[in-house]
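Below are some notes for a colleague who is opening this structure for the first time. Please read them with the model in view.

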Amino acid sequence: MSIADVTNQFRTCPTTGLHVHLPAQRLIWINAVSAVVFLLVGGVMAILIALTRWPAVHLLPQDLFYRFITAHGINMLVFWIVFFEMAGIIFAAQTILGSRYPGIKFGWFNYILMISGAIMVEVVVFMGKADVMFTAYPPLKANPVFYLGIILFAVGALFNCFQFIYALIIAKREGWHKGSLPLFTYGILTAVIIAIFTLVSGAAAFIPAFLWSIGVIPHIDPEYYRIAFWGFGHSAQQINLAAMVAIWYMLANLTTGAQPVNQRMCRWAFVLYLLGINLGSIHHNLVDPGLSATYRIFNTSYLFYAATIGSMIHAFSIPAAVETAQRAKGFTRGLFQWLTNAPWGQPGFSGLVLSMVIFGFFGGVTGIILSVEQLNMLSHNNLRVPGHFHMTVVGGTSLAFMALTYYVIPLVLQRKLIGAKWAKYQPYIFAIGVMMFSTGMHFAGVMGAPRRHWDVTFQNAVIQVPFDPAMYTFLGLVGVGAVVAFTGLLIFIGIAVLSVFFGEKIPSKMEPHSPPHEVLPAAAIAKGTV
Amino acid sequence: MPLSTPKNWWQPFNKEERIWLYISILWGIIMFVMMPLGHFWNQNVSSETYKTNPEEFGQIAQKFIDRYQRKDAKGVPVTHNGKPQGIPLVDAPSKETGDVFLVAQAWQFRPVLVMKKNKTYRIHMSSLDYQHGFSLQPQNLNLQILPYYDFVITMSPNETGKFFLICNEYCMFAGEKFGHDSMVGQVIVED
């Protein structure tokens, strides 16, 4: 396809002036819509699980409880977040750079790989052939289709990552974009680089597990699997982290016009993520047999907390950018007028602030404590761990993704929001619910409640365990908080689905767009044939 | 602007940024140093581990139970609930006289260990099937038990009473009656 054919496939966004490549827009649409569908599945599982852990309700029977926890983990941590990130990386490479998106058919092929993998996993989990939890630790053995589905999904995601990097190269070579990458795309590139080594580590865990499940290899070492799995499982959360921070910068800009004060600092922080973050994975293995204390300590410190320093920088530079922008608008009275006069009614801004506070403060602090080698003994596998990661992944990442969706729908998907009034309150409702159930989980865990456990009252056990009665109060808080958070989730899904399918179409002019910069010599030769 | 191409983003850090960076780096170092210091205060998780396999460990543990299980006045072996099919009650030998073996198997910790206050014990733990969690309550002390790994912890109980072991690593279920959530063991510390 020649560049001349591509130029007619662009429209210009009437609000932002961004050049959107229509075939890429369709890819963004399908990935984002799939993400929200899986969010709904995972959300229904979430409320059912939470109502079971609330001892006064104890809703589900034993088998469904474990089945739904498996489904909840995979739907939320993998399908919802990764599909949303796939939409995000296409947006970052195409729309932000105003480039064409190369290999549209390849993008659809990747999507089909991912969706068929996801459906295989859903079917096999709900049929009860894979009650092995998200982690699937051997010797727990699932149906081979389960492993195969995850591998297909991961391969699709990996191909999308390579395509993203290729798209950046094309943008430079063909002259669509010149100079440094915009900060948002830079952050997404960080996420993509982390994603590549994460998915390779995932392959090291899931491919042997698949071969073992079909009987090709007789035995998997359980500790090998745990280390390889967490090289995937935890680093996957760092993909979310880098993507979420990039989204924070974008939300700050969209809602208050904030510009990073010093991009050198922000970019260094992303580099620190790259250097230090994959060393975090061993904090899942701190009380496992077979690892030396030196290895545990060095590894779990994220390279002497280098990645934590990266997060500290963002925690400084995003509020600083917002404050500078607000002061420039004339909100200069006292220390905090810039904050009191911030657009709190815009879901993008409230979502940004709540996501930063829940992720950075509550999630970050609890996470750092859990990953201290000696303290981990007091928290390993009890409910304190899900208490931590629901603050980071739900209150942080998911909330930031939701807040962004309210802008993606009109700007990229060209639909007016239905229920914009509800969107104003949605981040608050969701954040309050998340904080309630995460706090409940945290303190119930401190009192000894195990995670992934159907019945902490031990009615079937041969020996009764007397827990602190306060634990049951905190488990009750988990149930109540989950109801509030689920309400917030339903409002979000309602707005997103109604707007995408029934929202008023926002007209946008088709405008030819061709590379505004000169073509690099190497590409000049290939021009017309690439 | 985060969404557009920056012209010149390579600016020197200003004073506030530098102060914040120094604070962050210093804080990172303080947090790191806390962990190596644990070596000196003997706070680390045990790293003594041996290779084993379920058959071998099961046999060793059974021999251990046969040898040390408590007998009543008539010479009948004692179990945790007094019934013959209960979990065997074992008077654990302290470090000087022998090693202790604890088996995790779906859905039981075997045996129930009886220890003496202020004596030191070497406890070998392994699983005969799935991965299990060693969660000592109400201390809330948690360790991982894996099959094929013999994990040795050294422990000196310093208070008397009944303590509970719950499994906190998911290990399947069967029907409504049995499963991961009914896997409970016990440790008794006497004077």
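1. Helices here are DSSP runs of H or I with at least four residues, strands are runs of E with at least two, and both are numbered from the N terminus. On that basis V287(A) sits in the loop between α8 (263-276) and α9 (293-300) of chain A.

2. This is a predicted model, in which local features need pLDDT of at least 70 and side-chain atom pairs count only at pLDDT 80 or more, while totals for chains, interfaces and linings use all residues. Residues are numbered from 1 along each chain as its sequence is written, and chains are lettered from A and ligands numbered from 1 in the order in which they are written.

3. V287(A) counts as buried because 25 other C-beta atoms lie within 10 Å (20 or more make a residue buried, 12 or fewer exposed, and in between partly exposed, with C-beta atoms placed from the backbone). Leaving aside residues up to four places away in sequence, V287(A) touches N376(A), M377(A) and H380(A), and from chain B V45(B), N142(B), L143(B) and Q144(B), where contact means C-beta atoms, placed from the backbone, within 7 Å. Q374(A) is 87 residues from V287(A) in sequence, yet their C-alpha atoms are 9.0 Å apart.

4. Chain B is divided into domain 1 (14-42) and domain 2 (48-190), with bounds that come from an automatic or database domain assignment. The centres of domain 1 and domain 2 of chain B, taken over C-alpha atoms, are 40 Å apart.

How values were computed:
Contact = placed C-beta atoms within 7 Å.
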